[in-house]
Amino acid sequence: MQAITRRLGHQSSTASISSFKSLYALSDHHYGVNNERYVSTLATKGVGHLVRKGTGGRSSVSGIIATVFGATGFLGRYVVQQLAKMGSQVLVPFRGSEDSHRHLKLMGDLGQIVPMKYNPRDESSIKAVMAKANVVINLIGRDHETRNYGFEEVHHHMAEKLAMISKEHGGIMRFIQVSCLGASPSSPSKMLRAKAAAEEAVLRELPEATILRPAVMVGTEDRILNRWAHFAKNYGFLPLIGDGSTKIQPVYVVDVAGALTTALKDDGTSMGKIYELGGPEIFTIHELAELMYDTIREWPRYVKVPFPIAKALATPREALLNKVPFPLPTPNMFNLDEINALTNDTVVSENALTFNDLGIVPHKLKGYPIEFLISYRKGGPQFGSTISEKVSPEDYP
């Protein structure tokens, strides 16, 4: 009896499907695997043509499966947001606590952001987080050394290891290495020398890799304007390393993330090239500090610290780093490597590839990119020391 019921049920469902197909004129010819619409379009250059389903929004399927090393950092959150926004699946390797990546999971649809715990010193662990990817993005970086991780290991050896594993993988279509503006084997900064060595190692293993060299990045979680504003509010002054005349070309972090995704989506024209990503304006350290003070509405007060004195203040931490049995505090204003980097100007080279070559117009800093600094104003966003004499009692809420 059960067998008859199952047979009748099968016949009924088959008949229903047949009638449905006849009603809507469907056929296996149009919806089968032989239809070219369902054939893979993977190629060896670029991934811009991989967008296969949807209108391009976060609920689409772009075909990109990107492993983003360093996704939990400052630039990482913006890169993940840009990738998820266009419907890519993002694999997020993390080595810290489970809380380190939770802010990223909200940036994509369910299952789109996939956190994966890994050990950066274990090759099998790295291979596991790259196994299903077709794009690898290396954002790993640190602006100071610790007892466990030095600049050479973090910036150079890690990048070289990722490039070698990507080469062995065979299915990695794009590799993007994020370096630093000013990276050079002759730089006085140990970090910038390690970044230059990483670029050389990556291009040796993967000549088709894309190298991005962003200048110092500014944004809500940045480590320059936030640090300055916090120090100025707590101590009433800001130390200027040297005489504040060193030139830098700060860039809005969202523009850097946009440049990365633009390079990723092209037809391969950015492969094997190095881009220097600086903002549209060049500032001296003093001019940038003036902009910070103007935004937080405080009277500028500076103490100029000559380079020899600044290095003397920063040297004890570096000397004791691996000689004491406990971790040392994170350097704030007096980071020896940053002080060494400030002895040279850091601006985009004259003949370098820039934002313009990627079709991007970077934002000027004044305005929205540094609007987050209003949280440091005394009395609330609408007030501050420098305008307090202009505010009438009627203006207070």
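Q: Which residues of α7 meet which residues of α9?
A: On the α7 side they are Leu225, Trp228, Ala229, Ala232 and Lys233. On the α9 side they are Ile285, Leu288, Ala289, Met292, Tyr293 and Ile296. The model is a predicted one.

Q: What makes up the contact of α7 with α9: how many nonpolar, polar and charged residues?
A: The residues divide into 10 nonpolar, no polar and 1 charged. Lys counts as charged, and Lys233 of α7 is among the residues in the contact.

Q: What are the axis distance and crossing angle of α7 and α9?
A: The axes come within 10 Å. They cross at roughly 65 degrees. The crossing of α7 past α9 is right-handed.

Q: Which residues of α7 are called buried, and what covers them?
A: Buried means under 20% relative accessible area. In helix α7, residues 225-235, that label goes to Leu225, Asn226, Arg227, Trp228, Ala229, Phe231 and Ala232. Their cover includes β7 (217-218), β8 (238-241), α9 (285-296) and α11.

Q: What parts does the pair of Tyr252 and Tyr368 tie together?
A: Tyr252 is in strand β10 (residues 251-252) and Tyr368 in the segment after α11 (336-341), so the pair ties together parts 116 residues apart in sequence.

Q: How do you know whether Tyr252 and Tyr368 are buried or exposed?
A: The cut-offs are under 20% for buried and over 50% for exposed. Tyr252 has a relative accessible area of 9%, so it is buried. Tyr368 has 61%, so it is exposed.

Q: How many aromatic pairs are there?
A: The count comes to 6. One of them joins Phe69 and Tyr118, 5.6 Å centre to centre. Their planes are 65 degrees apart, which makes this pair edge-to-face. Phe69 lies in strand β1 (residues 65-69) and Tyr118 in the loop between β3 (113-117) and α4 (123-130), so the pair ties together parts 49 residues apart in sequence. Phe69 and Tyr118 are both buried.

Q: Which residues form one aromatic cluster?
A: They are Phe231, Tyr235 and Phe237. Phe231 is also among the buried residues of α7.

Q: What makes the charged end of Arg121 sit over the ring of Tyr149?
A: The distance part of the rule asks for CZ of Arg within 6 Å of the ring centre. The charged end of Arg121 is 4.2 Å from the centre of the Tyr149 ring.

Q: Which residues is Asn344 in contact with, leaving aside its neighbours within four places in sequence?
A: Pro188 and Thr246. Pro188 is 156 residues from Asn344 along the chain, with 8.2 Å between the C-alpha atoms.

Definitions and conventions:
Residues are numbered from 1 along each chain as its sequence is written. This is a predicted model: local features need pLDDT of at least 70, side-chain atom pairs count only at pLDDT 80 or more; totals for chains, interfaces and linings use all residues. Side-chain values use heavy atoms; hydrogens and water are left out. Rings of Phe, Tyr and Trp (its six-membered ring) pair if their centres lie within 6.5 Å; planes under 30 degrees apart count as stacked, over 60 as edge-to-face and the rest as tilted. Helices (H or I, at least four residues) and strands (E, at least two) are DSSP runs, numbered from the N terminus. Buried means under 20% relative accessible area, exposed over 50%, partly exposed in between (1.4 Å probe, protein chains only). A charge sits over a ring if NZ of Lys or CZ of Arg is within 6 Å of the ring centre and within 35 degrees of the ring normal. Contact means heavy atoms within 4.5 Å. Axes are lines fitted to C-alpha atoms, for helices over the stretch in contact, and angles run from 0 to 180 degrees between N-to-C directions. A crossing is left-handed if the near helix is turned anticlockwise from the far one by less than a right angle, and right-handed if clockwise.
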